[in-house]
Amino acid sequence: MDQARNFDITPVQYSAIFAINNHPGIDQTALCNIIAFDRSTIGDVVTRLEKKKLIRRLHGPADRRTKLLYITPSGRRLIRDIEPAVAATQRLILAPLKPGERNAFMQMLKQLVHLNNERSRAPWRPQDERGRRAGRAGRAASV
């Protein structure tokens with residue numbers, strides 16, 4: 001939170017904008033699956049990001065009720081500018097561990113996320129209800 005404060009963005013908003021950048025044209029359901037947050041939370045997050053002009057929502061070509069999410073140039077600049085703060089935060093979190101323990105810890109954390117998937121309030125589903133791939137990033141990317 002401290003590192004992101006200077007950029008006027010929360011960690012959840014960062015997760016969302018990062019996923020939207022990596023999956024242009026993603027819909028909100030797939031975004032929920034990729035970053036493991038429930039639909040009501042994502043709705044608020046997307047609204048805030050759009051108000052900040054970091055993303056834009058466009059109607060889907062097949063179904064105008066579907067909104068597809070795209071990052072804006074301002075959003076891309078934010079991701080570029082915040083990257084050093086994100087890296088510093090990751091180093092700070094892992095600093096108490098010995099260098100050799102950090103990779104093992106991250107692998108075990110990914111395994112725990114995977115093994116507890118069904119207990120999540122937004123479990124990872126490789127395909128959404130329409131049968132499309134929900135995204136390649138998977139749950140481990142949101143850890």
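## Gln13 in helix α2

Gln13 sits in helix α2. Helices here are DSSP runs of H or I with at least four residues, strands are runs of E with at least two, and both are numbered from the N terminus. This is a predicted model, in which local features need pLDDT of at least 70, side-chain atom pairs count only at pLDDT 80 or more, and totals for chains, interfaces and linings use all residues. Residues are numbered from 1 along each chain as its sequence is written, and side-chain values use heavy atoms, with hydrogens and water left out.

Is Gln13 buried or exposed? Gln13 is buried, with a relative accessible area of 4%. Buried means under 20% relative accessible area, exposed means over 50%, and partly exposed lies in between (1.4 Å probe, protein chains only). Leaving aside neighbours within four places in sequence, Gln13 contacts Asp8, Val45, Arg48, Leu49 and Lys52. Contact means heavy atoms within 4.5 Å.

## The rest of α2

Helix α2 has 12 residues. From first C-alpha to last it reaches 16 Å, close to the 16 Å expected at 1.5 Å a residue. The expected span is 1.5 Å times one less than the number of residues. Gln13, Tyr14, Ala16, Ile17, Ala19 and Ile20 are the buried residues of α2. They pack against β1 (26-27), α3, α4 (39-51), β2 (55-59), β3 (67-71) and α5 (73-94).

## One aromatic pair

A search of the whole structure finds one aromatic pair. Tyr14 and Phe18 form it, 5.7 Å centre to centre with 35° between the planes, and the pair is tilted. Rings of Phe, Tyr and Trp (its six-membered ring) pair if their centres lie within 6.5 Å; planes under 30 degrees apart count as stacked, over 60 as edge-to-face and the rest as tilted.

Tyr14 and Phe18 are four residues apart in α2, so about one helical turn separates them. Tyr14 is buried, at 15% relative accessible area. Phe18 is partly exposed, at 35%.

## α2 against α3

Helix α2 (residues 11-22) packs with helix α3 (residues 28-35) at an angle of about 115°, their axes 10 Å apart. Axes are lines fitted to C-alpha atoms, for helices over the stretch in contact, and angles run from 0 to 180 degrees between N-to-C directions.

Which residues make the contact? From α2 come Val12, Ser15, Ala16, Ala19 and Ile20; from α3 come Leu31, Ile34 and Ile35. By class, that is seven nonpolar, one polar and no charged residues. Ala, Val, Leu, Ile, Met, Phe, Trp, Tyr, Cys and Pro count as nonpolar, Asp, Glu, Lys and Arg as charged, and the others, Gly among them, as polar.

## Helix α4

The 13 residues of α4 should span 18 Å at 1.5 Å a residue, and the end C-alpha atoms are 18 Å apart, which agrees. Ile42, Gly43, Val45, Val46 and Leu49 are buried in α4. Their cover includes α2, α3, β2 and β3. After α4 comes Lys53, with a positive phi near 65°.

## Thr66 and the whole chain

Thr66 lies in the loop between β2 and β3. Thr66 is partly exposed, with a relative accessible area of 24%. Not counting residues up to four places away in sequence, Thr66 touches Asp27, Leu58, His59 and Gly60. Thr66 and Thr29 are 37 residues apart in sequence and 9.7 Å apart in space, C-alpha to C-alpha.

The protein has six helices and three strands. From the N terminus, their order is α-α-β-α-α-β-β-α-α. Buried residues make up 37% of the 143 residues.
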